[in-house]
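The sequence and structure are shown first.

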Amino acid sequence: ERRIAQGGGEELWDSVFLTVPQVAELLGHVKANGSIIRGHAKQFPFIYSMFVFCAYTGARRSEMIRSRREDFDFARGEVTIREKKKDRSKNETYRHVPMTNALQQAMLEWFAVHPGGPMAFCKTAGIAFTEAMANHHFRWALDGGKWKVIRGWHVFRHSFISNLASRGI
């Protein structure tokens, strides 16, 4: 904080992590402001669920983009994350993450208005987001507020893991 206040430390933003209350505050901002992008009459109801998914699972942007509706097991309270980095000899590997109540609620609300197709997050039925599209929606959802300094989706992975570690998990 001192380095940033003195005008330095720009590279520190790449390794920032948010505390649990800060994550909740950022998600509140996105829920209130992130679905309606300035200059557009159209709403984007998928945005909040994308943020909640990454914040409460520690998923990478690429894992979010690959996720499918079938990955959400609401009866078990678990989401399957499709990985590609753990075992390079396989096309995909999986990890299972318990769903928080907030994640379950956000996904149920999103799936109620989902346009269709297998992808969990999409604007049009069956068409997955590209990295550029996901980044674009991230930037727009945080534009103009105090959260605009957050560089990208990976902050949620840092935050998720750091908050678990601070609790001894």
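How do the residues of the lining of the largest pocket divide into nonpolar, polar and charged?

## Basis

The model is predicted: local features need pLDDT of at least 70, side-chain atom pairs count only at pLDDT 80 or more, and totals for chains, interfaces and linings use all residues. Residues are numbered from 1 along each chain as its sequence is written, and side-chain values use heavy atoms, without hydrogens and water.

## Largest pocket

The lining divides into 10 nonpolar residues, three polar and one charged (Ala, Val, Leu, Ile, Met, Phe, Trp, Tyr, Cys and Pro count as nonpolar, Asp, Glu, Lys and Arg as charged, the others, Gly among them, as polar). Helix α7 gives the largest share of this lining, four residues.

## Aromatic contacts

The count comes to 14 aromatic pairs (ring centres of Phe, Tyr and Trp, the last by its six-membered ring, within 6.5 Å; planes under 30 degrees apart are stacked, over 60 edge-to-face, the rest tilted). F53 and F72 form a tilted pair, 5.7 Å centre to centre with 55° between the planes. Because F53 lies in helix α3 and F72 in strand β1, this pair ties together parts 19 residues apart in sequence (helices, H or I of at least four residues, and strands, E of at least two, are DSSP runs numbered from the N terminus).

Both F53 and F72 are buried (under 20% relative accessible area; exposed is over 50%, partly exposed in between, with a 1.4 Å probe and protein chains only). F74 and F111 pair edge-to-face, at 6.2 Å and 85°. F53, F72, F74, F111 and F121 form one aromatic cluster.
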